[in-house]
Amino acid sequence: MINYLRHARLSWRFIPVWQRNYLVWKKLAMPSILGNLADPMLYMLGLGYGLGSLLPDVGGMPYLNFLAAGTVAYSTMNAATFEVLYSSFSRMHVQRTWDAILNAPMTLDDLMLGELTWAASKSLLSGLAILAVIWGLGLYGNFWMTLWIIPLVALIGFCFGGMGLVMNAVSPSYDFFLYYFTLVITPMVLLCGVFFPVSQLPPVVQDVSAWLPLTHAIDLARPLVVGKVPDNITLHIVALVIYGSVGYIISLGLTRRRLLK
């Protein structure tokens, strides 16, 4: 396994992979966007207006504002994860698109970087759509501060795209992805402050939550929505970069081993 985990040898050849995925997606862009947006939008508007009308301010802000910030990170995480699991798995295992690409002067390193950057790009659309709703409903404290959410959304997509590629590398079928959603994604949604403050959790669970990538994403997004500068910016950014980068490196090694068997 050590040989498979050699450092990535990257080049600009990942761009044609990104472009290929974009051209395919463009044919089904509208259904894809609606599919990615339906779930987070229903949560944000349904819980925000329904449950929010029954609650006092949460974390020093109306509940709808609180939920909107968490939904930006949640929606981006979901979009990146679905892309590198179901879509990338289809291209790798079912359609054998990766086999065709690797017959060109292209390395697996570049191919997977193209998949990762495409997942980050696609998740950016989901995050921007939620951000547009935040702007439209006036759920922000300072418009110019919310513009920093745009690069943050791209970083969140990179982080969860890299993590999801690890599962893509070891999954024998689509059914296996349910374990990842049940054991990783859903716990993060419930423990990282999307729907309620992490401070409401038991101290031990708060300690666990502090290490989860979605917590770092929300700790950056929520202050920006209300017009404040986040605390510990460097820590949160570095954590998201590490999760995404380590995920990419591990997935690259696992995918090498899988394809060479």
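**Cysteines, fold and selected residues**

Biologist: How many disulfides does the count come to?

Modeller: This is a predicted model. A disulfide needs two cysteine sulfur atoms within 2.5 Å. Cys159 is in no disulfide, as the nearest cysteine sulfur, that of Cys192, is 11 Å away, and Cys192 is likewise in no disulfide. By this rule the count comes to 0 disulfides.

Biologist: Is Cys159 buried or exposed?

Modeller: Buried means under 20% relative accessible area. Cys159 has a relative accessible area of 0%, so Cys159 is buried.

Biologist: What is the relative accessibility of Cys192, and is Cys192 buried or exposed?

Modeller: The cut-off for buried is under 20%. Cys192 is at 1% relative accessibility and therefore counts as buried.

Biologist: What is the radius of gyration of the chain, and what would a compact globule have?

Modeller: The C-alpha trace spans about 60 × 40 × 35 Å along its principal axes. With 261 residues, a compact globule would have a radius of gyration near 18 Å. The value for the chain agrees with this, at 19 Å.

Biologist: What share of the contacts with a separation of 6 or more comes from residues 24 or more positions apart?

Modeller: A contact here means heavy atoms within 4.5 Å. Among the contacts in the chain with a separation of 6 or more, the share from residues 24 or more positions apart is 79%.

Biologist: What share of the accessible surface belongs to carbon and sulfur atoms?

Modeller: Of the 261 residues of the chain, 47% count as buried. The accessible surface of the chain comes to about 12,600 Å². The part that belongs to carbon and sulfur atoms is 69%.

Biologist: How far apart are the centres of the positive and negative side chains?

Modeller: The chain has 15 positive and 11 negative side chains.

Biologist: Where is Ser75, and how far in space is Ser75 from Ala29?

Modeller: Ser75 is in helix H3, residues 63-94. Ser75 has a relative accessible area of 2%, so this residue is buried. Ser75 and Ala29 are 46 residues apart in sequence, and their C-alpha to C-alpha distance is 17 Å.

Biologist: How far is Gln19 from Trp118 in space?

Modeller: Gln19 is in helix H1, residues 14-26, and counts as partly exposed at 44% relative accessibility. Gln19 and Trp118 are 99 residues apart in sequence. Their C-alpha to C-alpha distance in space is 8.4 Å.

Biologist: What is the phi of Arg96?

Modeller: Most residues other than glycine have a negative phi. Arg96 is in the loop between H3 and helix H4 (97-102), and is partly exposed with a relative accessible area of 43%. Arg96 is not a glycine, yet its phi is positive, near 60 degrees.

Biologist: Which loop holds Asn232, and what is the phi of Asn232?

Modeller: Asn232 is in the loop between helix H10 (213-225) and helix H11 (233-260). Exposed means over 50%; Asn232 has a relative accessible area of 53%, so Asn232 is exposed. Although Asn232 is not a glycine, its phi is positive, at about 50 degrees.

How values were computed: Residues numbered from 1 in each chain as written. Predicted model: local features only at pLDDT ≥ 70, side-chain atom pairs only at ≥ 80, totals over all residues. Heavy atoms only, no water. Buried < 20%, exposed > 50% of the residue type's maximum accessible area, 1.4 Å probe, protein only. Rg over C-alpha atoms; globule rule 2.2 N^0.38 Å. Areas by Shrake-Rupley, 256 points an atom, 1.4 Å probe, with all protein chains shown as cover. Lys, Arg positive; Asp, Glu negative; His and termini not counted. Charge placed at Lys NZ, Arg CZ, Asp CG, Glu CD. Helix = DSSP H or I, 4+ residues; strand = E, 2+ residues; numbered from the N terminus.
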